[in-house]
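Hi,

Here is the structure I promised to pass on. Have a look at it first, and my notes follow below.

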Amino acid sequence: CTVIFTRLATRDLHKPISILFCNLAVSDLFTSFSGFWISMLFITNPDITIFGSQDMLAPYALYTTSILSTIYNLVSIGIERYLAVAESMRTRFRVARNHSIAVVFISWVLAFFLGCLPLMGWNCLHAESNISVLYSPFCVNYLVFITMPNVVAAFLVPLFTYLRIIIILRKRKLRMQACGQATGTYKSVETQVARTSISIWLLALVSYAPFFAGVIFDATNQRCHTDLYPGAYIFRNCTATLITITCLGNPVLYTLKLRALGAKLKALRCPSGNRVRACTI
């Protein structure tokens with residue numbers, strides 16, 4: 001909420017990357033709300049979160065949609081950062097605001113479509129043969145269908161884009177050194193990008209790898225719900241906690257630079273006459 005408020009109030013949405021940052025915060029907010037909804041259902045009626053029920057379809061669908069939207073945003077941010085520093089063979093490609101808006105729209109449409117497939121009939125409410133033991137009444141083949149490509153994209157695309165950014169910055173630094181020019185700025189930027197990209201990739205790995213492992217276990221498991229209680233469901237809850245931590249970690253890694261955030265909040269408290277100058281600084 002802080003990310004959304006500060007970016008809307010300081011008109012940062014004029015920048016294409018800020019649209020993606022703000023949308024990432026919205027996705028994380030949806031993930032937190034849907035996770036809270038599932039937690040309340042567990043508190044009021046734990047059995048339906050274990051054995052599955054019609055009441056679990058909507059919260060699980062919203063949870064899936066928000067996670068998919070977060071993954072698509074992380075991938076989009078990595079690609080946008082790569083395009084911002086990379087040069088094509090003839091001219092530099094600049095990502096415009098309209099491009100970011102289109103990406104946001106497509107990401108949400110795709111996330112809603114894939115996330116709401118169980119509500120459209122792809123569920124195992126009346127079928128026991130293919131039902132998921134961890135996420136009943138979802139079907140195992142549905143979980144495999146949405147998990148495999150999206151988790152792989154969440155791991156590989158950011159890894160590739162940020163590695164390419166570091167390689168491009170290093171080549172430019174070596175080129176400037178060969179010309180006898182100062183390279184302190186490039187060295188600082190390269191270090192910062194490397195540090196941030198490693199943190200982003202590790203956060204995605206720690207957060208989504210257990211969920212991915214849970215889906216693999218679900219697909220290969222032949223035992224019923226009672227045989228897996230309580231260990232498998234404790235593991236499921238831990239994966240949900242890690243995904244929630246991702247929602248908290250994304251703003252810190254992408255937008256909540258403490259100094260910059262403090263300056264923005266201070267600018268919002270300034271009188272209207274001084275706000276333009278404070279925000280510019």
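Counting cysteine sulfur pairs within 2.5 Å as disulfides, I get one disulfide. C124 and C139 are the partners, with an S to S distance of 2.1 Å. The torsion about their S-S bond is about 120°, so this disulfide is right-handed. Both cysteines sit in the loop between α5 and α6, so the pair ties together parts that are 15 residues apart in sequence. (Helices here are DSSP runs of H or I with at least four residues, numbered from the N terminus.)

A quick word on where this comes from: it's a predicted model, where local features need pLDDT of at least 70 and side-chain atom pairs count only at pLDDT 80 or more, while totals for chains, interfaces and linings use all residues. Residues are numbered from 1 along each chain as its sequence is written, and side-chain values use heavy atoms, leaving out hydrogens and water.

Are the cysteines buried or exposed? With buried meaning under 20% relative accessible area, exposed over 50% and partly exposed in between (1.4 Å probe, protein chains only), C124 is buried at 3% and C139 is buried at 4%. C247 is buried too, at 8%, but C238 is partly exposed at 42%.

Cheers

Definitions and conventions. Helices (H or I, at least four residues) and strands (E, at least two) are DSSP runs, numbered from the N terminus.
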